[in-house]
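Here is a short briefing on a protein model. Look at the structure first, then work through the points by topic.

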Amino acid sequence: MPLNFTLALRNLFHDRLRFVATMVGIVFSVVLVLVQMGLYLGFGRVVSTMIDHASADLWIVRQGTKCFEDPSLLDAHVRDDVLATAGVASAVPVVIGFSDWRLPSGEMTPVFVVGTDLNANGLHPWNVTAGSIKALANDKAVAVDQTYFKRLGVSGIGSTADLRGRPVRVSAVTDGIRSFTTTPYVFADLKRARDYTGVPSNKLSYLLVKLKPGADVAQVQRALHSAIPSTEALTRAAFRDRSRNFWLFGTGAGAALFAGALLGLIVGTVIVAQTLYSSTKDHIDEFATLRALGSSNAYIYRVIIYQALLSAAIGFCFAAVIGFIVVEVTTKGALPVVITPALIAAIFGLTVAMCIASAFAAILRVLRIDPVMVFTR
Amino acid sequence: MSRNLYAMAQPVLEAKGLTQVLGSGAAKVRALKDVNFTLRAGELALLMGPSGSGKTTLLSVLGCMLTPTVGAVSVCGKSTAGADAEELARLRREHVGFIFQSYHLFSTLTALENVQLALDVRGRRGNDAESRARHALVRVGLAEKFAATPRELSGGEQQRVAIARAIVSDPSAVLADEPTAALDGENGQSVMTILSTLAKEAKRGVLVVGHDPRLMPFADRIISIADGRLVDERSGTGPPRLRAAGGS
């Protein structure tokens, strides 16, 4: 191990107060960036949760549809045109819309209804913990998520309420189907979903298309577009991206998250730069001695860079632990913080870059060292 | 006889017609004025003069830390003319060892690491470097202090670590700036004894800057400087080094 690394390590721990200040700066900054980016990823996942859980090769949507929650409707006869297109195996209608849920207490709360053909493989509730999807075929049956029990005034299977003036009964319970809008999702059979949302029988929200084995997706998309110009045939990935872009960038939410992360980076850079600079100033005699002994400037820069890298590595470890605690705490929340290995790697890289950038001020200070000063101190 | 041998020995540092101007504008000072000086291999030269006489400036120029305003310096035959800061650093690395009045040891490193550092800046690492550093410390009588940090060493011991650091890379010239100024008489004698022993070794010149008359017995040659000019040069009163080394 080169001695300038040892020197960097010892200098770093020599002044414990400054070391703590550096760590606080890095940890604050990295946790902020980690949480902001984790929220970004979590938000991205939550806004596309319905799209991700639907069984579809293509989504037929109204031209210009921005996201899953978009209220645009398709004419029901479009389904016939879709089914007539070469390569299409099935087209399952989905109806969505906001509705009013009346609690037994008489209080009202908005809900988001998702209705699909229970006999087809479309968009069914998942993570069912009580009751069953089949039970949704029963009269008045709906599925709700257990996280919203209190909000909906229900306690489980068999609980009753009114949905748009129609009596409903909880027949299936799910776990973890959360809405980022905080409006609870309610699953129902397609026909009753029309009643709950007011979508007429000659309209529908989406068609979930399954292709025949071997069908070329792009070719089917082109055929659908020319057969039904008022619609778009989006792959799952395309619809997911469109939904995420709308909610994250169309609303400014994503920009706010990035701005928060940028702020974290700036604060972190300033704090680390300040502490590195003051450490360098305190050890300026030692750097001048190194220079007098004949060390190259690069050798001295490496001392500072090693200090920056060590700070980055140690600070990042603390921040990562805090980040994983935040993930654990928010995992059941409406907007979970999601940390992926790629995010961890990216933020570690960012932390290293931040610390190295912070070293520039200290390096500029060292550049001005005159070795002659060793004779006067 | 010994004077003749000094004259014949290879010059390790040579300065011709040195003039050094420091500062600018109204604060401009001519710190050195037409200085000619040669340090030869195998001699311990003592540069004496009052404060502000230009001793440290001359040491800085000879040690390749400053380039002269006028005149030429060569180190082991290599001129410093036109050298930039990195090239001067390279000359220092290759040919010069320094000993400072206030030691300038690294407080967070052990004695052994402090000595090894002089090799590390030269890109010499590993077992060989450690072994050389240990040997240098043994030579200055610090065999038991490898793991001690500067805080755990006396002033005399710290200066001996600094001497070990100066000689570990086997430089042709060792420049010492008032190496005994911060030491008591006994430690000062001990340090000067080590330096005079180092000077005995062939191909190494030692230049000591100071104003303590107790240094004089260790010098082969005593040069006086006043107001930036070398004003006197005489033989030292100490035993001739080259004769002791078998030169005559």
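Glu113(B) counts as buried, because its relative accessibility is 14%, under the 20% cut-off. This is a predicted model.

**Salt bridges between the chains**

- The side chain of Glu113(B) meets that of Arg10(A) in a salt bridge, at 2.7 Å from N to O.
- This pair crosses between chains: Glu113(B) sits in helix α4 of chain B, and Arg10(A) sits in helix α1 (residues 3-14) of chain A.
- Arg10(A) counts as partly exposed, at 30% relative accessibility.
- A salt bridge also joins the side chains of Arg291(A) and Glu86(B), at 2.8 Å from N to O.
- Here too the pair crosses between chains, from helix α10 (residues 284-292) of chain A, which holds Arg291(A), to helix α3 of chain B, which holds Glu86(B).
- Is Arg291(A) buried or exposed? Arg291(A) counts as buried, because its relative accessibility is 5%.
- Glu86(B) has 32% relative accessibility, so it counts as partly exposed.
- Side chains of opposite charge can pair when their charged atoms come close.

**The interface of chain B and chain A**

- How many salt bridges does the rule find across the interface of chain B and chain A? The rule finds 2 salt bridges there.
- Between chain B and chain A, 11 residue pairs are in polar contact.
- Three helices of chain B each give two or more residues to the side that touches chain A: α2 (55-62), α3 (85-95) and α4 (111-120).
- α3(B) gives the largest share of that side, with 5 residues.
- By class, the side of chain B that touches chain A has 11 nonpolar, 8 polar and 10 charged residues.
- In the contact, chain B takes part with 29 residues and chain A with 24 residues.
- The two chains bury about 2500 Å² between them, and 62% of this is on carbon and sulfur atoms.

**His104(B) and other positive phi values**

- His104(B) lies in the loop between β6 (96-99) and α4 of chain B.
- The phi angle of His104(B) is near 55 degrees, a positive value in a residue other than glycine.
- His104(B) counts as buried, because its relative accessibility is 9%.
- Asp170(B) has a phi near 60 degrees, again positive in a residue other than glycine.
- The place of Asp170(B) is the loop between α6 (155-167) and β7 (173-177) of chain B.

**Helix α2 of chain B**

- In α2(B), 7 of the 8 residues are buried, so this helix is largely enclosed by the rest of the structure.
- Among the buried residues of α2(B) are Lys55(B), Thr57(B) and Ser60(B).
- Cys64(B) follows α2(B) and has a positive phi, near 65 degrees.

**Salt bridges in the wider structure**

- Over all chains, a search of the whole structure finds 18 salt bridges.
- One salt bridge is formed by Asp227(B) and Lys33(B), whose closest N and O atoms are 3.2 Å apart.
- This pair links distant parts of the chain, 194 residues apart: Asp227(B) is in the loop between β9 (221-226) and β10 (229-235), and Lys33(B) is in strand β2 (residues 29-40).
- Asp227(B) is exposed, because its relative accessible area is 55%.
- Lys33(B) counts as buried, at 13% relative accessibility.
- Asp15(A), Arg18(A) and Asp282(A) are joined into one network by salt bridges that share partners.

**The two domains of chain A**

- Chain A is divided into domain 1 (3-46 + 252-375) and domain 2 (64-229).
- The C-alpha centres of the two domains lie 48 Å apart.
- Domain 1 gives 5 residues to the contact, and domain 2 gives 4 residues.
- The area buried between the two domains is about 470 Å², and carbon and sulfur atoms give 57% of it.
- Val46(A), Lys332(A) and Ala334(A) supply 80% of the area that domain 1 buries against domain 2, more than any other three residues.
- The count of salt bridges between domain 1 and domain 2 is 0.

**Ile347(A) in chain A**

- Ile347(A) is found in helix α12 (residues 341-367) of chain A.
- Ile347(A) counts as buried, because its relative accessibility is 3%.
- Leaving aside neighbours within four places in sequence, Ile347(A) is in contact with Val30(A), Val33(A), Leu34(A), Met37(A) and Phe316(A).

Note on methods:
Residues are numbered from 1 along each chain as its sequence is written. Chains are lettered from A and ligands numbered from 1 in the order in which they are written. This is a predicted model: local features need pLDDT of at least 70, side-chain atom pairs count only at pLDDT 80 or more; totals for chains, interfaces and linings use all residues. Side-chain values use heavy atoms; hydrogens and water are left out. Contact means heavy atoms within 4.5 Å. Buried area is the accessible area (1.4 Å probe) that two parts lose on being put together, summed over both. A salt bridge is a side-chain nitrogen of Lys or Arg within 4 Å of a carboxyl oxygen of Asp or Glu. A polar contact is a pair of N or O atoms within 3.5 Å; within protein, one must be able to donate a hydrogen and the other to accept it, and residues adjacent in sequence count only if both atoms are side-chain atoms. Helices (H or I, at least four residues) and strands (E, at least two) are DSSP runs, numbered from the N terminus. Ala, Val, Leu, Ile, Met, Phe, Trp, Tyr, Cys and Pro count as nonpolar, Asp, Glu, Lys and Arg as charged, and the others, Gly among them, as polar. Domain bounds come from an automatic or database domain assignment. Buried means under 20% relative accessible area, exposed over 50%, partly exposed in between (1.4 Å probe, protein chains only).
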